[in-house]
Amino acid sequence: MSQYNGYFPLSRPRRMRRDAFSRRLMREHRLTTDDLIQPVFVLEGRECREPVPSMPGVERLSVDLLCREAEACASLGVPAMALFPVTPPEAKSEDAAEAFNPEGLAQRAVRAVKDAVPELGVITDVALDPFTTHGQDGLIDDTGYVMNDETVDVLIQQALSHAEAGADVVAPSDMMDGRIGAIREALEEAGHIHTRILAYSAKYASGYYGPFRDAVGSAASLGAGNKYTYQMDPANGDEALREVAMDLEEGADMVMIKPGMPYLDIVRRVKDAFGAPTFVYQVSGEYAMLKAAAQNGWLDERACVLEALTSMKRAGADGILTYYARQVAEWLKDSG
């Protein structure tokens, strides 16, 4: 890039910042509804909604209410919704068999949303932690270690059940090795050639996931356990690029970096290195911090949320999963 050698007072950068019209004309990045994906927690029952205490403003919704939420999101122009089931304790098991039950909660939710709002993209979580009694994302051996290949076999069945239910995108968030290639092969063999894969390629072993685990009911199952043997070390950056490269080579259509703001350097590096569709997840802990500070009057919620999401766009994100998606879409609509 050529160097600009203007000197004061010939160069006054503040000239372009003086008025709204010139600030708008030189604005480099814009957040729009096209960038947003709304994550939603789904529970059993009818006309049921349960607040998530650690995520003020977020509720678990039964499938009928989920469809109303889907209609509202679509009417605001939000392109897609990501579904996360809240599995009843009695449906959990060591082998996570409920994960691929054709009549499971996630599968029924997919069918209902696609029937109600066909144009809305439906993304499903492919991971076993909502379905295991121990709260890990995979099957465990006698020592408690999460087994890779055995877990991948179950993830394949789970992804196929989601595709068969009508999911547009399956999103493996488990961080098992080789699962993208295995799932892609299975989808192709089953004729689901249009089902996209959003790979959680760089999912870090983060402290920001606590409220999410409360919301889906896996926190109690996990207890004092951790996910350090499969989720990435927060200190590593080069490793993320290797993970992304592997997932793209195995057939991922999109890649995800998770969490969001603490890892925007990774977003930028991934986008620069691969140029592939790159997504980022503003996770539950990020949402909870912004919401709590706003409720205490310490931050201007709207200004800070829009700033945070715009920073993700600036870092290179093509899409953002955020619990603020619907609200941000409303703000953007109001602002014209």
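Arg60 is buried, with a relative accessible area of 12%. Arg60 also forms a salt bridge with Glu50. This is a predicted model. A search of the whole structure finds 19 salt bridges.

**Cis peptide bonds**

- Most residues other than glycine have a negative phi, and most peptide bonds are trans.
- The bond from Phe8 to Pro9 is cis, with omega near 10°.
- Pro9 sits in the segment before α1, which covers residues 14–17.
- Lys258 and Pro259 are also joined by a cis peptide bond, and its omega is about 0°.
- Pro259 lies in the loop between β8 (254–258) and α10 (264–274).

**Positive phi angles**

- Glu47 is not a glycine, yet it has a positive phi of about 55°.
- Glu47 belongs to the loop between β1 (36–43) and β2 (49–51).
- Its relative accessibility is 47%, so Glu47 counts as partly exposed.
- Met175 is not a glycine either, and its phi is positive at about 70°.
- Met175 is found in the loop between β6 (169–172) and α6 (179–189).
- Is Met175 buried or exposed? Met175 counts as buried, because its relative accessibility is 5% and the cut-off for buried is under 20%.

**Salt bridges**

- Arg60 and Glu50 have their closest N and O atoms 3.3 Å apart.
- Arg60 lies in strand β3 (residues 59–62) and Glu50 in strand β2, so this pair ties together parts that are ten residues apart in sequence.
- Glu50 is partly exposed, with a relative accessible area of 38%.
- Asp238 pairs with Arg269 in a salt bridge, and the closest N and O atoms are 2.6 Å apart.
- Which helices does the pair of Asp238 and Arg269 tie together? Asp238 lies in α9 (residues 238–249) and Arg269 in α10, so the pair links parts that are 31 residues apart in sequence.
- Arg269 counts as partly exposed, at 32% relative accessibility.
- Asp19 forms a salt bridge with Arg18, with the closest N and O atoms 3.2 Å apart.
- Asp19 counts as partly exposed at 28% relative accessibility, whereas Arg18 is exposed, with a relative accessible area of 64%.

**Helix α11**

- Helix α11 runs over residues 284–295 and has twelve residues.
- At 1.5 Å a residue, α11 should span 16 Å. Its end C-alpha atoms are 16 Å apart, which agrees.
- How many of the twelve residues of α11 are buried? Nine are, so the helix is largely enclosed by the rest of the structure.
- The buried residues of α11 include Ser284, Gly285, Glu286, Tyr287 and Ala288. Leu290, Lys291, Ala293 and Ala294 are also among them.
- What do these buried residues pack against? Their partners are α7 (210–216), β9 (278–282), α12 (301–315) and α13 (325–335).
- Just after α11, Gly297 takes a positive phi of about 75°.

Notes. Residues numbered from 1 in each chain as written. Predicted model: local features only at pLDDT ≥ 70, side-chain atom pairs only at ≥ 80, totals over all residues. Heavy atoms only, no water. Helix = DSSP H or I, 4+ residues; strand = E, 2+ residues; numbered from the N terminus. Buried < 20%, exposed > 50% of the residue type's maximum accessible area, 1.4 Å probe, protein only. Salt bridge = Lys/Arg side-chain N within 4 Å of Asp/Glu carboxyl O. Expected span 1.5 Å × (residues − 1). Contact = heavy atoms within 4.5 Å.
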